[in-house]
Amino acid sequence: MTTASMGVIGVGTMGSALALNMAEKGHNVALYNLDLKTIDALIESAGELAPKLKKTESIEALVTAMPSPRAILLMVPAGKPVDLSIDALLPHLEEGDTIIDGGNSDFRETQRRTAHVEAAGFRYLGVGVSGGEEGARHGPSMMVGGTPQAWEPIQEVLEAISAKFEGDPCVAHLGPDGAGHFVKTVHNGIEYADMQLIAEVYGLLRDGEGRAAPDIAPLFKRWNEGALQSYLIGITGEVLAATDPQTGKPMVDVIVDKAGQKGTGRWTVIEAIRMGQSASIIEAAVGARVLSSERDTRQIAEDILKDASGCDVVDQFDEADLESALLVGRILAYAQGFRILKAASDEFGWDIDYARVAEIWRAGCIIRSSLLDDIAQAFRGDLPDDRLILSDHFAPLINEHIAPLRRVVSKAILCGLPVQALASAIAWFDEIRQARGTADLIQGQRDFFGNHGFERLDAEGAHHGPW
Ligand code: 6PG
């Protein structure tokens with residue numbers, strides 16, 4: 001199989017980093033960007049890689065500059081710019097050429113675009129790229145969706161530029177059309193959950209114990225040496241330790257407490273709910289970002305809505321308890337994420353290899369953590385009902401650390417400290433392990449007001465109550 005020649009449209013932060021990464025692995029890369037000066041700046045800063053980068057001044061020129069078969073990577077903002085780029089490319093492509101969308105696109109858009117490009121006689125890949133600028137430059141994790149015919153000519157290039165976990169490239173062809181972007185969306189949902197769990201623990205230490213950021217930082221650095229080892233715990237330690245060069249204050253203390261979001265966390269929740277899956281920890285994280293943006297209201301409400309518990313001083317949170325709480329919260333967030341992947345894989349017939357997903361998340365991506373190797377192994381083994389939480393590895397681990405999570409959440413709630421994600425984790429755990437739930441009553445109510453019927457424990461068929 002001939003390896004495709006590479007082109008990049010959109011040389012912003014991520015596009016530039018990926019182009020340099022490809023050049024470093026020996027590939028010539030044709031570049032096009034609406035603002036041509038950005039390409040000049042990239043080539044000027046590329047040093048010895050500059051000869052591998054070719055500036056082109058139009059989309060047609062980009063295609064002409066590339067030998068066939070071509071693979072043209074779109075690194076433009078998700079949404080309309082992707083469609084505009086595709087429409088500009090189509091008249092110039094030849095048989096065997098592939099358009100690759102490397103942005104955070106909605107997987108449904110990717111499904112639509114795949115059909116559109118294939119109908120025009122060309123190939124299309126939706127590729128979720130994770131790892132931020134640093135990852136894109138030195139090794140991202142990549143989640144690929146599309147046909148095998150589209151994947152094969154670029155497999156070698158993507159494997160070369162990807163992160164490696166003990167030599168294993170963190171890139172995989174996961175299924176057709178939208179599969180790659182769906183997996184990336186769920187990756188981001190888990191990313192939101194993990195970030196929120198971490199932020200809540202930071203909040204307990206800051207607002208519960210009155211500890212300053214530089215005093216909290218070493219704790220995260222220590223945790224990053226243990227069971228919580230992960231990219232997000234690691235950068236949390238660094239962010240908390242940083243000082244604002246302008247004021248000399250801890251950097252976090254001068255950052256406005258409003259979190260942005262571009263949509264992937266919200267999409268994860270929307271798709272999960274649509275498919276009848278619980279994504280409660282991810283939902284809590286999305287909800288917390290929403291409330292964070294309502295800063296004006298929060299500032300007024302602090303004086304009006306009082307904490308009636310009278311608890312304004314918190315005993316110390318046990319640090320080992322906080323570590324355990326984060327660990328269980330993270331495991332349950334991954335578990336919810338993988339259930340959403342399973343639901344989508346079943347619905348769309350993608351046949352996603354969950355172990356492979358965990359494997360390509362072990363390095364390069366934002367949610368990389370030491371847990372992912374164990375998750376991959378759990379999925380490679382005999383997993384009851386494909387349920388991570390029931391695995392021989394994770395069930396005992398959860399059982400061991402659940403009491404600390406319960407203690408942390410109880411104390412936080414008694415003292416009026418917000419822990420949406422941690423509380424969702426414990427609530428989800430308590431519900432999923434309850435053999436006899438309370439939906440008997442829900443069914444009774446539904447039958448009472450709507451004659452909906454219910455199943456009986458002691459007889460087949462649909463039944464009604466005596467109301
Ligand atoms: C990654 C990140 C990256 C980006 C997301 C989340 O995997 O490298 O997920 O894709 O950070 O767009 O962004 P928001 O927090 O703005 O939604």
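**Close-up views of a predicted model**

**View 1. E166 in a loop between two strands.** With a relative accessibility of 75%, residue E166 counts as exposed in this predicted model, since the cut-off for that class is over 50%. The loop that holds E166 runs between β8 (164–165) and β9 (168–169). The backbone of E166 has a phi near 45°, which is a positive value in a residue other than glycine.

View 2. A second residue other than glycine with a positive phi is D351, where the angle is near 55°. D351 lies in the loop that links α14 and α15 (354–360), and the residue is exposed, its relative accessible area being 69%.

View 3. The bond that joins S68 to P69 is cis, and its omega is near -5°. P69 itself belongs to the loop between α3 (59–65) and β4 (70–74).

**View 4. Helix α12 and its cover.** Helix α12 (residues 280–293) has 14 residues, and at 1.5 Å a residue these should span 20 Å, which agrees with the 20 Å between its end C-alpha atoms. The buried residues of α12 are S280, I281, I282, A284, A285, V286, A288, R289 and S292. The elements that cover these buried residues include α8 (179–208), α11 (264–274) and α13 (295–304), together with α14 (319–348) and α18 (420–432).

**View 5. The surroundings of the ligand.** The ligand is surrounded by 13 residues, of which the closest are N104, S130, E191, Y192 and R289. R289 is also one of the buried residues of α12. In the side chain of S130, an N or O atom is 2.5 Å from an oxygen atom of the ligand. Polar backbone atoms also take part in the view, with one of G131 placed 2.9 Å from an oxygen atom of the ligand, and one of G132 placed 3.2 Å from an oxygen atom of the ligand. Taken alone, the ligand would expose 420 Å², and the protein buries 80% of that area.

**View 6. S85 in helix α4.** Residue S85 is part of helix α4 (residues 80–89). S85 is buried, because its relative accessible area of 8% falls under the 20% cut-off. Leaving aside residues up to four places away in sequence, S85 touches I9, I59, L74 and V76.

**View 7. E271 in helix α11.** E271 has its place in helix α11, which is among the elements that cover the buried residues of α12. With a relative accessible area of 8%, E271 is buried. Its contacts, not counting residues up to four places away in sequence, are with F107, R108 and F182.

View 8. Although E152 and T3 are 149 residues apart in sequence, their C-alpha atoms are 7.9 Å apart in space.

Notes:
Residues numbered from 1 in each chain as written. Predicted model: local features only at pLDDT ≥ 70, side-chain atom pairs only at ≥ 80, totals over all residues. Heavy atoms only, no water. Helix = DSSP H or I, 4+ residues; strand = E, 2+ residues; numbered from the N terminus. Expected span 1.5 Å × (residues − 1). Buried < 20%, exposed > 50% of the residue type's maximum accessible area, 1.4 Å probe, protein only. Contact = heavy atoms within 4.5 Å. Near = heavy atom within 4 Å. Polar contact = N/O pair within 3.5 Å; in protein donor to acceptor, adjacent residues only side chain to side chain. Areas by Shrake-Rupley, 256 points an atom, 1.4 Å probe, with all protein chains shown as cover.
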